[in-house]
Structure formats: C-alpha cells, structure tokens
Amino acid sequence: MSAFARYIGIDYSGAQTPTASLKGLRIYMAEGSLPPVEVLPPPSPRKYWTRKGIAAWLVRRLAEATPTLVGIDHGFSFPLRYFEAHGLKPDWPAFLDDFQRHWPTDEDIYVDFVRDGVRGNGAMRMGNARWRRLTEERAGTAKSVFHFDVQGSVAKSTHAGIPWLRFIRRRLGQRIHFWPFDGWEIAPGRSANRRGLSGPVEPQLRP
C-alpha cells in the first residue's frame, strides 16, 4: 500500500514577479488511483497561477489530513561548492534563511533585480555555471542551477522558488517532510515535498 493518498506535480517558472499570472505555472493532482487532473487557480481576473498563489495553495493542501507527495520542477538546494565558497555549513534550513536574505525573490520583484544589484544582495551569494549538483553531473546533459539565460535552464526558477520553500516550511513545520533534507525516512501520515517531477533528487545536504 502506498504511503501517500494524493500526488501533486508542479511545473514551475521563475519569470516576472511572484504575483504575476504565468502560463508556465501549472499544477496537476492525482487522488488515490485516479488519473491526474490539472488544478486551475481560484476564479479571478488572472487566468494562470502565480508563484505566491501556488505557495499559499500548497500550505492549505498540505495542512489537510491527507498524506501527499509533492514534486516541484526546480532545484531545492545548491552544489556543495557553493557552500564551500561562501563559508556556509551544510545545513539546509540555515541555507534557506541565508538565501532569502540575499535573494528575497518572494518579494514583488524580478529575479533579475537581484542579479543586477537593484534589490537584495545577490553579489554576496553568487554561484558559477560550472558548479553542478551530483544529480546534474550524473545526468550528463543537465544544466547547473547557476546557468542563467539559456534554453532549458532551471536557474531562474530555482532562484525564484527557493524562498517559497522557506515560506511553506515556516508555516507547516513538522507537518511536512522535505526529502531528503529532513531525513531519508518519512514518518507515516506526513506529507512530503521533493524536487523535480522526474530524475534523481540531489542529496547534497545530509540530514
């Protein structure tokens, strides 16, 4: 028997601002053994989801008593080289706080505002496009989470999405398990969040 009763997959986008309605933001959900269906945003003048709206929706769903597995199509962490270069401990919750302080992309700004030095302090927490996580190295053709402005890049969606992982974690606390950062074993009845809709998860930061 599966440990989960509900499955959610989210196609992500780092374009524009967290309150922008984007065609590239899509949610699909499957209940039990039923086939997945697309979840549309609440009725409003906005046709598509926003990053802020998705985060709030996930908090509501994951607060329910339905064990849920969620996959989000952006990186949840960075290569170990990033932590070494910036003198950071391999501690994922601390990483989330540190990243949000330097890249406050959960505010109503573009990712490029931080890249260009208009907001935040991204210059103190930059990465190198040659730095890759283990999952990217093993995939062979996968791009680094720091490889911006190229086709197939996940850099912008990752830099836009990580602060919203912090948002979700702070609101749900022990009710959610971010795998593998909160441990390799998921307690029965808990919902879990993992990176990616396909492919290996990057276990760079040990619990």
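Please keep in mind that the model is predicted.

I shall begin with charge pairs. Side chains of opposite charge can pair when their charged atoms come close. In this structure there are twelve salt bridges, and I shall discuss several of them.

Consider R6 and E64, which form a salt bridge with their closest N and O atoms 2.9 Å apart. R6 belongs to strand β1, residues 6-11, while E64 sits in the loop between α1 and β4, so this pair ties together parts that are 58 residues apart in sequence. Are the two partners buried or exposed? R6 counts as buried, at 4% relative accessibility, because the limit for that label is under 20%. E64 counts as partly exposed, at 31%.

A second salt bridge joins the side chains of E38 and R26, at 2.6 Å from N to O. Here E38 is in strand β3, residues 37-39, and R26 is in strand β2, residues 26-31; the two are twelve residues apart. E38 is partly exposed, with a relative accessible area of 32%, and R26 is likewise partly exposed, at 24%.

R166 and D97 meet through their side chains in a salt bridge of 2.7 Å, N to O. R166 lies in helix α6, residues 155-172, and D97 in helix α3, residues 92-102, so the contact ties together parts that are 69 residues apart in sequence. R166 is buried, with a relative accessible area of 17%, whereas D97 is partly exposed, at 30%.

I turn now to helix α1. This helix runs over residues 51-62, twelve residues in total, and its first and last C-alpha atoms are 16 Å apart, close to the 16 Å expected at 1.5 Å a residue. Which residues of α1 are buried? They are R51, I54, A55, W57, L58, V59, R61 and L62. As background, an α-helix has 3.6 residues a turn, so residues three or four places apart point the same way.

Finally, the surface. Y110, F113 and V118 form a nonpolar patch there, with about 270 Å² of accessible area together. Of these residues, F113 is found in helix α4, residues 111-115, and F113 is partly exposed, with a relative accessible area of 33%.

Note on methods
Residues numbered from 1 in each chain as written. Predicted model: local features only at pLDDT ≥ 70, side-chain atom pairs only at ≥ 80, totals over all residues. Heavy atoms only, no water. Patch = residues over 30% accessible without salt bridge, like charges linked within 9 Å, V, L, I, M, F, W, Y side chains within 5 Å. Areas by Shrake-Rupley, 256 points an atom, 1.4 Å probe, with all protein chains shown as cover. Salt bridge = Lys/Arg side-chain N within 4 Å of Asp/Glu carboxyl O. Helix = DSSP H or I, 4+ residues; strand = E, 2+ residues; numbered from the N terminus. Buried < 20%, exposed > 50% of the residue type's maximum accessible area, 1.4 Å probe, protein only. Expected span 1.5 Å × (residues − 1).
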